[in-house]
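Visitor: I would like to learn how to read a model like this one, feature by feature. Where do we begin?

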Amino acid sequence: MKLGVVIFPGSNCDKDMIHVLSNVMKHEVVELWHKDHDLQNVDGIFLPGGFSFGDYLRSGAIARYSPIMKEVIAFANKGGFVFGVCNGFQILCESGLLPGALLHNTNQKFICKNIYIKSSGNNSAVNNAIDNGKALKIPIAHGEGKYYADKNVLDEMKQNNQILFHYCDENSNVTEEANPNGSLENIAGVCNKNKNVFGMMPHPERASEGILKNTDGKLIFDSIFNYLEKSIENK
Amino acid sequence: MSNRQVTIKDATKLGLTTEEYDKVLSILGRVPNYTELCLYSVMWSEHASYKNSINWLKTLPREGEQIMVEAGEENAGMVDIGDGLACVFKIESHNHPSAVEPYQGAATGVGGINRDIFTMGARPIAQLNSLRFGNIESDRTKWLLKGVVRGIADYGNAFGVPVVGGEVYFDDSYSTNPLVNAMSVGIVKEGETISAISEGVGNPVFIVGSSTGKDGIHGATFASADLHEDSADDIPSVQVGDPFQEKLLLEASLEVIKTGALVGMQDMGAAGIICSCSEMSEKGNSGMKINLDKVPLRQENMEAWEMLLSESQERMLLVGKKGRESEIEAVFDKWDLNCKIIGEVIAEDKLEYFHKGKLVAEVPASTLVLGGGAPVYDREYTEPAYYKENLKFDISQITEPNNYVEVANALLKAPNIASKKWVIEQYDTMVQTNNMNTNEPSDAGIVDVRGTDTALALTTDCNSRYVYSDPEQGASIAVAEAARNIVCSGGEPLAITNCLNFGNPYNPEAFWQFVGAIKGMGDACKRFNTPVTGGNVSFYNQTSIKGVNIPVYPTPTIGMLGLLKDKTNKMSLSFKNEDDLIYLIGETKNDISQSEYLNTWHKVRKSPVPYFNMDEELAVQDVVKKLISSKVINSAHDVSEGGIFITLLESGLTNNLGFDIKSDKNIRKDAFLFGESQSRIIVSVSKQKEKELLDIANLGNIQFNLLGKVAGSKMIIDNENFGDIKIAKEDYDTALEKLI
């Protein structure tokens, strides 16, 4: 399987994502430079974290205009798998591939720490390998991670089961105290209506190796590769 | 203005002494113009020239078989870490800018130190920072702390290098002059480094990165004078940082080295273009002819001297190989960065600057730099009266507390001891997925070296109370504590970088502190075989208010690099299992000198340095190394600020494990619990492995004894309940935030 990691100027988790995809998950990875138009026939696209274009404007607001995003959008519209983490999630929201927006954290500070998230269901591309209800310890690292969507959008998302991860405590309770950034209804990760575009603020690539003493994030990558392998078989 | 003749008055205004001005006259054989005078004033400033410190710095040990680039040779030291890899690391201060503009001051400190690392071809993989502020209850301190932390966070987080360690201390002496010391650590493959050299007549000189503006002009001079009440007027001397440009510059710089089209590269930090031109030329015994009209500018109407002195950030000076210009330009074009040829290398020892068609400055390159023509001074020093007064301290005059639980609870919430969570969580500590401490803390920051069996161990340490009390012993302790942190984490100390923060060097008592600290540091580095690979000196850390100078506590921050040859040997500081036995390796003395307890509970500032003996230190560390490499113990944590009580508490926090111990009846209970006598490490061991521990410890020439065991959720000392570990954790974690 061949995967593409998009690199914007200012991306800084690109190498971490590439490391996990290639060295931990053992798949071929190509770098997709933001000025490129060629997606190199990849089977899935990953948008890594970082500060694309410095994020001096709204996070992700400029990156969505990079030449490669045109191709990413076309790829997604044809049903291709796209996964954004942190800044990648912000860019997907800015580009309209995912609903909602990411606002400044309630405490107006950058927050980097381990938090817990819980998956809603286990039949999507990013959570099929996760035991229902299990709290995963996965770090966050962002200044603008407070998820927001207006009521109509939120209702529609709920109807379509588009909300995939909620912030919770270590016992899987979704509480206000367990919400690190003020996200609406503790939302940590969502997908589009067609369930082929995914975004989350926590960094699963930072919790996927024994050397870091935390492999909870690997369950998300396991899920993704279960899904991708199946969808390739079905082709 | 640029070309007008100058007088001694101009020289004095720019910070040059009469003697130095005369030296300029004799070097040039004529009166300099204003531009030339500016060049000498910044290059001969304390900050750029080390004129008052260099003779003492030369006494520090610099050599060792692990050292690949020695102190002073390049922008940072380089150490062999095996596997064909080298580690480049350095610590630097940004104190004065942070005192007047904490956000930009701290941010550009982070930017500057990282450029020092990647200008050598190394990719930064870890950062640490050592911060010192005044009383946390003052509004000014809160403003400084918030600004500095946010500045470090905004710059470092976007740049994408994890913070893996550091310190935050509070003491009244830093009230208006905080210390902001930033350390960066990078890795480079042997053979992929690049030198800060200029040579080869006719080779093109490039300026790359950000455009040049009027920010930071005379920054080096600003950093070389006392802060005073009107220092806020010097805000234009503070630079403005752009981490996005820095990130692009990093990627482009590492990429351009790989083309092989470069001769040399140096970042632009203090003293801007003039510093990089002169240092690179001096190194290559050559000169440069530069056309300032080619420099990309941020604003119109900049004078030549402003361009030469500007400390605009995120810029590099490159010397390329003639004929290969297009390879260099292609890389910077990819990253959308400026890349302009501004001149060429010439044979003579001469820097010629042209502006609007006219020669505006012509000076011999070598006369500007350290080791060339820059002045070197020996300063006088005298022992201050306070030193002997401190020795008069008598522990029997200090009343023992009636209620130890009360003291313990206050101490764990003291700003110097309580968790620095409020600070650390604003930093990205996990980007690059190499921080091995995230889920299992160790005394030193442990950074995975991907693709090898090794990990780096990194720490910054300095207890300035000890150094104030006895500069020589205090600085030795700073080195010893750094080594102890590395050893407790399973590493072997390799080398240090230092950031020497002191008062005015023309004050003999402040200089006495500097001299003592250098002696103590040098002795300790020799004993640990950790050569000094570089760093920086920051004098003039004092504030004059209404004519009275208030110096900061002398603070020679030690940044130490260690190596775990086998990363699976990483030892954490946390208790693992209930009923594990707790041993103290080393001996507790009847000593509360300069402890946090004596300072904050009894409010006594005058006392000697705590007990320290280098032979005992080495023996203790040696035993703990063996206990770790033989996989005997389950945790190791060194005893530092707050004494044994705080050490036990910290070991219990991660896994919510309490302890049940007995104190030593031969010494005062406050000395046992809160004293800070040195060379002590608390370890935990399973009952099954106790005999192995005893075998190893008995072979070492050390004192050690059983304190008790890991037990339940309570902290029990001499059968008295000191509280629940979960509640203590909540207090310890939130105390600082509540004060801010």
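Guide: Start with burial. Buried means under 20% relative accessible area. Keep in mind that this is a predicted model. By that cut-off, both Tyr386(B) and Trp512(B) are buried.

Visitor: Which kind of aromatic pair do Phe89(A) and Tyr147(A) form?

Guide: Look at the planes of the rings. Planes under 30 degrees apart count as stacked, and over 60 as edge-to-face. The structure holds 28 aromatic pairs over all chains. Phe89(A) and Tyr147(A) are stacked, at 6.1 Å centre to centre with 10° between the planes. Phe89(A) sits in helix H3 (residues 87-94) of chain A, and Tyr147(A) in strand E8 (residues 146-148) of chain A. They are 58 residues apart, so the pair links distant parts of the chain. Both Phe89(A) and Tyr147(A) are buried.

Visitor: And what about Tyr386(B) and Trp512(B)?

Guide: That pair is edge-to-face: 6.4 Å centre to centre, 85° between the planes. Tyr386(B) belongs to helix H14 (residues 385-391) of chain B, and Trp512(B) to helix H19 (residues 508-528) of chain B, so the pair ties together parts 126 residues apart in sequence.

Visitor: Which residues form one aromatic cluster?

Guide: Phe46(A), Phe81(A), Phe83(A), Phe198(A), Phe221(A) and Tyr227(A) form one cluster.

Visitor: Which lysines lie over the face of a tyrosine?

Guide: Lys589(B) lies over the face of Tyr611(B), at 4.4 Å from the ring centre. Lys669(B) lies over the face of Tyr404(B), at 5.5 Å from the ring centre.

Visitor: Now sheets. What is the order of the strands in the open sheet of chain B?

Guide: The general idea comes before the case. Strands of a sheet pair through backbone hydrogen bonds, either parallel or antiparallel. Here six strands of chain B form an open sheet in the order E1-E2-E3-E6-E4-E5, with mixed pairing. Strand E1 (67-69) and strand E5 (163-170) of chain B stand at the edges. Each has a single partner strand, so one side of each is left without a neighbour in the sheet. On average, neighbouring strands of this sheet are turned by 20° against each other, direction ignored.

Visitor: How many bridges join E4 to E6 in chain B?

Guide: Nine bridges join strand E4 (residues 123-133) of chain B to strand E6 (residues 179-189) of chain B, and the two run antiparallel. Ser130(B) stands opposite Asn181(B) in E6(B).

Visitor: Which way do the residues of strand E15 in chain B point?

Guide: In a regular strand the side chains alternate between the two faces of the sheet. In strand E15 (residues 445-448) of chain B, Gly445(B) and Val447(B) point one way. Ile446(B) and Asp448(B) point the other way, and all are buried. E15(B) pairs with strand E16 (residues 455-461) of chain B in the antiparallel sense over four bridges. Val447(B) stands opposite Leu456(B) in E16(B). The hairpin of E15(B) and E16(B) has six residues between the strands, and Gly451(B) there takes a positive phi near 85°.

Visitor: Where are residues other than glycine with a positive phi?

Guide: Most residues other than glycine have a negative phi. Glu314(B) has a positive phi near 60°. Its place is the loop between helix H12 (304-309) and strand E11 (315-320) of chain B. Asp336(B) has a positive phi near 55°. Its place is the loop between helix H13 (325-334) and strand E12 (338-346) of chain B.

Visitor: Are Glu314(B) and Asp336(B) buried or exposed?

Guide: Glu314(B) is buried, with a relative accessible area of 1%. Asp336(B) counts as exposed, at 53% relative accessibility.

Visitor: How many residues of helix H11 in chain B are buried?

Guide: Nine of its twelve residues are buried, so H11(B) is mostly covered. Among them are Gly272(B), Ile274(B) and Cys277(B). At 1.5 Å a residue, helix H11 (residues 272-283) of chain B should span 16 Å, and its end C-alpha atoms are 17 Å apart, which agrees. Just after H11(B), Asn285(B) takes a positive phi of about 50°.

Visitor: Last, cysteines. How many disulfides does the structure hold?

Guide: A disulfide is a covalent bond between the sulfur atoms of two cysteines. The structure holds zero disulfides over all chains. The sulfur of Cys86(A) is 6.4 Å from the closest cysteine sulfur, in Cys13(A), too far for a bond. Cys86(A) is buried, with a relative accessible area of 5%. For Cys339(B), the nearest cysteine sulfur is that of Cys277(B), 15 Å away. Cys339(B) counts as buried, at 13% relative accessibility.

Terms used: Residues numbered from 1 in each chain as written. Chains lettered and ligands numbered in written order. Predicted model: local features only at pLDDT ≥ 70, side-chain atom pairs only at ≥ 80, totals over all residues. Heavy atoms only, no water. Pairing = 2+ DSSP bridges. Axes fitted to C-alpha atoms, helices over the stretch in contact; angles between N-to-C directions. Expected span 1.5 Å × (residues − 1). Buried < 20%, exposed > 50% of the residue type's maximum accessible area, 1.4 Å probe, protein only. Phe/Tyr/Trp six-rings, centres within 6.5 Å; stacked < 30°, edge-to-face > 60°. Lys NZ or Arg CZ within 6 Å of the ring centre and 35° of its normal. Disulfide = S-S within 2.5 Å.
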